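Dear colleague,

I am handing over the structure below, and after it you will find my notes on what was found. Please read them with the coordinates open.

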Amino acid sequence: MTQLDDKIVLVTGASRGIGRAITLRFARAGADLVIVARNREELQELGSEIRAMGRGCLIMPTDLRDPAQIEVLARQAFEQFGRIDILINNAGIGFWAPVTELTLDQYDEMFCVNMRAVFLLTQAVLPQMIERGNGHIVNIASTSSRWTYPEGTLYCASKFALLGFNEALAKELRTTGVRVTAVCPGQVNTYLGGSGPQTWEKDMLSGEDVAELAFQAVTLPPHAIVTEIVVWPRAEAF
Ligand code: NAP
């Protein structure tokens, strides 16, 4: 018996980076997965890995900017598994530039993926969690949810919004049995975090570091709720 046996976990942004690491960590612990991103091939490759581990996996190529696609995602997940025990809102994008150079399209895209999709997926999974008195929503926020820097206006704004959503939701659900946790990492060695040839790349966090924290949050005993985890690479100033 592993800790997440029989749990159904939906992970957004599962195709690479932190989401991929979370998916594999949770599958190793016995969970069945619904994996979400736009890139079908990357999801299929990950799906094969999960099935080879003996776990169930529903591959759901979805553009989270589109509410209609989110509806289809939720419907098919419930059709296949009947419930979602854990929702990991991980998908996120970032554009960094002086504020005068950021565009309306970048604004819309960042807020749709980093915040609106989180709101819609939360609404989709919550009623059945509340009815069962059990469930966990993990939001992958950021140290940019609490600390700002030049050229980070819109990314920080979207991640501050996500942490605000997380805090209010945790309070709203405190007595329902549904737990809510934000994991706020500093720089992680992923595509988004900049996996280019940076001299300090080796000192960044890994997707696996973040996955382990998400795993620890959802496997705490039911009477304990961790609402926010902040993790820095030692090399990053904090
Ligand atoms: P990543 O490697 O770029 O992965 C992002 C994931 O999101 C991919 O699976 C991507 O898949 C998916 N995604 C992007 N746009 C999407 C859309 N419109 N619809 C569906 N899926 C979409 O980035 P990461 O570093 O792992 O980031 C994961 C989360 O961690 C994000 O929320 C990010 O803000 C947060 N975070 C990252 C860092 C860091 O330094 N890397 C630090 C703190 C917080 P497709 O492109 O195939 O859709």
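Across which strands does helix α2 lie, and at about what angle does it run to β3? Helix α2 (residues 40-52) lies across β2 (32-37) and β3, and its direction is at about 175 degrees to that of β3. Helix α3 (residues 67-81) also packs on the sheet, where it touches β1 (8-12), β2 and β3, and its direction makes about 165 degrees with that of β3. Touching here is contact between heavy atoms within 4.5 Å, while axes are lines fitted to C-alpha atoms, for helices over the stretch in contact, with angles running from 0 to 180 degrees between N-to-C directions.

Before the rest, two remarks on the basis of these notes. This is a predicted model, in which local features need pLDDT of at least 70 and side-chain atom pairs count only at pLDDT 80 or more, whereas totals for chains, interfaces and linings use all residues. Residues are numbered from 1 along each chain as its sequence is written, and side-chain values use heavy atoms, with hydrogens and water left out.

The sheet itself is open and has seven strands in the order β3-β2-β1-β4-β5-β6-β7, paired in parallel. Because β3 (57-61) and β7 (228-231) stand at the edges with a single partner strand each, one side of each is left without a neighbour in the sheet. From one strand to the next the twist averages 15 degrees. Strands β4 (residues 86-89) and β5 (residues 135-140) pair in the parallel sense over four bridges, with Ile137 in β5 as the bridge partner of Leu87. Pairing requires at least two bridges found by DSSP, and helices (H or I, at least four residues) and strands (E, at least two) are DSSP runs numbered from the N terminus.

Turning to the side chains, the structure holds four aromatic pairs, counted for rings of Phe, Tyr and Trp (its six-membered ring) whose centres lie within 6.5 Å, with planes under 30 degrees apart called stacked, over 60 edge-to-face and the rest tilted. One of them joins Phe26 and Phe215, whose ring centres are 6.0 Å apart and whose planes stand at 80 degrees, so the pair is edge-to-face. Since Phe26 lies in helix α1 (residues 17-28) and Phe215 in helix α6 (residues 207-218), this pair ties together parts that are 189 residues apart in sequence. Both Phe26 and Phe215 are buried (under 20% relative accessible area). The charged end of Arg25 sits over the ring of Phe215, 3.8 Å from its centre (CZ of Arg or NZ of Lys within 6 Å of the ring centre and within 35 degrees of the ring normal).

Best regards

How values were computed: Buried < 20%, exposed > 50% of the residue type's maximum accessible area, 1.4 Å probe, protein only.
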